[in-house]
Amino acid sequence: MVRPHRRRLPWRALPGERADAYRVWLSEIMLQQTGVKTVGLYFEKFLGRWPDVAAMAQASLDDV
């Protein structure tokens, strides 16, 4: 089903693409604390620093 009015969000896969579980999981955690508008800014910044689970796992707890 094509949804032409669906918002484009950085964690949402484009039609025909497979969702990235890390991005979806991260967005779910962030969205529990605040709204979509605010999460978008922090989401991209977080991904820039820790682009995948392995990168985040190697970081210190204080950094994350």
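**Entry 1: Asp52.** I found Asp52 in the loop between helix H2 (36–49) and helix H3 (53–58); helices here are DSSP runs of H or I with at least four residues, numbered from the N terminus. I am working with a predicted model, where local features need pLDDT of at least 70, side-chain atom pairs count only at pLDDT 80 or more, and totals for chains, interfaces and linings use all residues. Residues are numbered from 1 along each chain as its sequence is written, and side-chain values use heavy atoms, with hydrogens and water left out.

I then followed the side chain of Asp52, which reaches the backbone nitrogen of Ala55 at 2.8 Å. I also checked Arg23, 29 residues from Asp52 along the chain, and got 8.4 Å between their C-alpha atoms.

**Entry 2: aromatic pairs.** My rule pairs rings of Phe, Tyr and Trp (its six-membered ring) with centres within 6.5 Å; planes under 30 degrees apart are stacked, over 60 edge-to-face, the rest tilted. I counted 3 aromatic pairs this way. One of them is Tyr22 with Trp25, tilted because the ring centres are 6.2 Å apart and the planes at 35 degrees. Both sit in helix H1 (residues 21–31), 3 residues apart, about one turn of the helix. Tyr22 is buried at 7% relative accessibility, while Trp25 is partly exposed at 43%.

I next logged Phe46 and Trp50, a tilted pair with 4.7 Å centre to centre and 55 degrees between the planes. Both Phe46 and Trp50 are buried.

How values were computed: Helices (H or I, at least four residues) and strands (E, at least two) are DSSP runs, numbered from the N terminus. A polar contact is a pair of N or O atoms within 3.5 Å; within protein, one must be able to donate a hydrogen and the other to accept it, and residues adjacent in sequence count only if both atoms are side-chain atoms. Buried means under 20% relative accessible area, exposed over 50%, partly exposed in between (1.4 Å probe, protein chains only).
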